[in-house]
2 protein chains.
Amino acid sequence: MPADPADGPPHESIVDLVGALAYGELSAFAHLAADAELAPTLAGRRQMSAMASTEFGHHQQLVDRLVELGADPEQAMAPFVAALESYHDITSPSTWLESVVKAFVGDGMAADFYNEVAAFADPATSALIGSVLVDAGRAEFAVREVQAAIVADPAVAGRLALWARRLVGEAISQAQHVLADRDSLTMLLVQGTGDLAGIAALLTRITDRHGERMVALGL
Amino acid sequence: MPADPADGPPHESIVDLVGALAYGELSAFAHLAADAELAPTLAGRRQMSAMASTEFGHHQQLVDRLVELGADPEQAMAPFVAALESYHDITSPSTWLESVVKAFVGDGMAADFYNEVAAFADPATSALIGSVLVDAGRAEFAVREVQAAIVADPAVAGRLALWARRLVGEAISQAQHVLADRDSLTMLLVQGTGDLAGIAALLTRITDRHGERMVALGL
């Protein structure tokens, strides 16, 4: 457990990072499982349930990592419950397509952010986070569902584009709350990126990847 | 694929059995995931979410088996959707303890029934069903939660005993609907048990195991 900053980032910030992500995966599990009930077909329901189940597996791996780090998993997750539940409450999908866009665009942006921050963690934590944040076929699924819907009714595209913009706005708002509350995470980000130019470059990369997802969906 | 009864039970009855169980696991996944939100602690929520995720893995194995049997998984599951959703709608838990009892008593009784019928299927199907219906620590979890609640408030026991009786009644009612609808499953059961005495013995074994679970819970 590094006490000296020269050994790596402070232990507290790593526990915060893994704790936030572990709760994020548990929360994603619950919301994907609930959203699967919106599916118009058994195939769609199975696909979103499979995503939920995969997220739970990731949650378990992250909880195991918290234990390895000597942290109490529930204490480590607790500070992030409110922000993540607020995000999900405010962005509760009312249609199947909204849930598909959320699973791809919202979760995709969160994954990009965690991946960026994970680069500043110790190698074992960083490798684990990289492995739990793989996309796992979600892109093809979302693109297929959304493009088919737009072909059937082109007006869908405008509504879903607005929905995606709302998801991003709420995600950024909740991320700001978390960073304002957790100095250790802010320090990890600032020290990792080096300076404001580094933070700006990170945000540009995340925004670019978000734009690529929107283009892939035809939004 | 046996066409001659001498080779084993008719193919249609095996597809029905695996289809019913595959949908049952998908449905269990969805309802356990939803019920996890009733948990008063993050530990309880994690535990019920883990059960849900395990059920989804079983669902996937059964779907793979349907494909091996040359069946279309969605067509094979479709005849059982209504009965299983009726059961879950009628037995939607309103408290955490009700959801724990349902996960142990209701799902346990269903598992016993499937296990009994699986004995009459071909060896590969029978082995798969046996492997997906293992209890996986659910008993200890349920016993711990329910006994702690009874210690805190003995009046809980009577209410939960009534709830368990209702679960069993609804499960039997839905099973009767399914058997009345699906001749192939009824034939599998009748031919497997041999005669009415065989069916009576099967029902006695299921009832006995149910009684053991109730005793374990202190109900």
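Which residues in helix 4 of chain A meet which residues in helix 8 of chain A? The first legend below gives the answer, and every view is taken from a predicted model.

**View 1. Helix 4 and helix 8 of chain A pack against each other.** From helix 4 of chain A, the residues A:A83, A:S86, A:Y87 and A:I90 take part, and they meet A:E170, A:A171, A:Q174, A:H177 and A:V178 in helix 8 of chain A. Sorted by class, this contact holds five nonpolar, three polar and one charged residues. Helix 4 covers residues 81–90 and helix 8 covers residues 155–181; their axes come within 9 Å and cross at roughly 165 degrees. Because angles over 145 degrees count as roughly antiparallel, helix 4 of chain A and helix 8 of chain A are roughly antiparallel to each other. The crossing of helix 4 of chain A past helix 8 of chain A is right-handed.

**View 2. Helix 5 and helix 10 of chain B form a helix pair.** Helix 5 of chain B (residues 96–118) and helix 10 of chain B (residues 196–217) pack at an angle of about 155 degrees, and their axes lie 10 Å apart. Helix 5 of chain B is therefore roughly antiparallel to helix 10 of chain B. Helix 5 of chain B passes helix 10 of chain B in a right-handed crossing. On the side of helix 5 of chain B, the contact is made by B:V101, B:F104, B:V105, B:G108, B:M109, B:D112, B:F113 and B:E116. Helix 10 of chain B contributes B:L202, B:R205, B:I206, B:R209, B:H210, B:R213 and B:L217. By class, the contact has eight nonpolar, two polar and five charged residues.

**View 3. Chain B touches chain A.** The contact draws 18 residues from chain B and 18 residues from chain A. On the side of chain B that touches chain A, the elements giving two or more residues are helix 1 (11–35), helix 2 (42–68) and helix 3 (73–77) of chain B. Helix 2 of chain B supplies the largest share of this side, nine residues. The side of chain B that touches chain A comprises twelve nonpolar, three polar and three charged residues.

**View 4. A rotation relates chain B to chain A.** Chain B is superposed on chain A by a rotation of 180 degrees with 0.0 Å of shift along its axis, and the RMSD is 0.0 Å. The two copies are thus related as by a two-fold rotation axis. Both copies use the same surface, as 100% of the contact residues of chain B recur in chain A. Among the residues of chain B, B:S53 comes closest to the rotation axis, with its C-alpha at 2.5 Å.

**View 5. B:A50 lies in helix 2 of chain B.** B:A50 and B:V190 are 140 residues apart along the chain, and their C-alpha atoms are separated by 36 Å.

View 6. A:L133 counts as buried because it has 20 C-beta neighbours inside 10 Å. Leaving aside residues up to four places away in sequence, A:L133 touches A:A111, A:Y114 and A:N115. The C-alpha atoms of A:L133 and A:G70 are separated by 23 Å, and the two residues are 63 residues apart along the chain.

Conventions:
Residues numbered from 1 in each chain as written. Chains lettered and ligands numbered in written order. Predicted model: local features only at pLDDT ≥ 70, side-chain atom pairs only at ≥ 80, totals over all residues. Contact = placed C-beta atoms within 7 Å. Helix = DSSP H or I, 4+ residues; strand = E, 2+ residues; numbered from the N terminus. Nonpolar A, V, L, I, M, F, W, Y, C, P; charged D, E, K, R; others polar. Axes fitted to C-alpha atoms, helices over the stretch in contact; angles between N-to-C directions. Parallel < 35°, antiparallel > 145°, perpendicular 65-115°, else oblique. Left-handed = near helix turned anticlockwise from the far one by under 90°. Least-squares fit on C-alpha atoms with pLDDT ≥ 70 in both. Buried ≥ 20, exposed ≤ 12 C-beta atoms within 10 Å, placed from the backbone.
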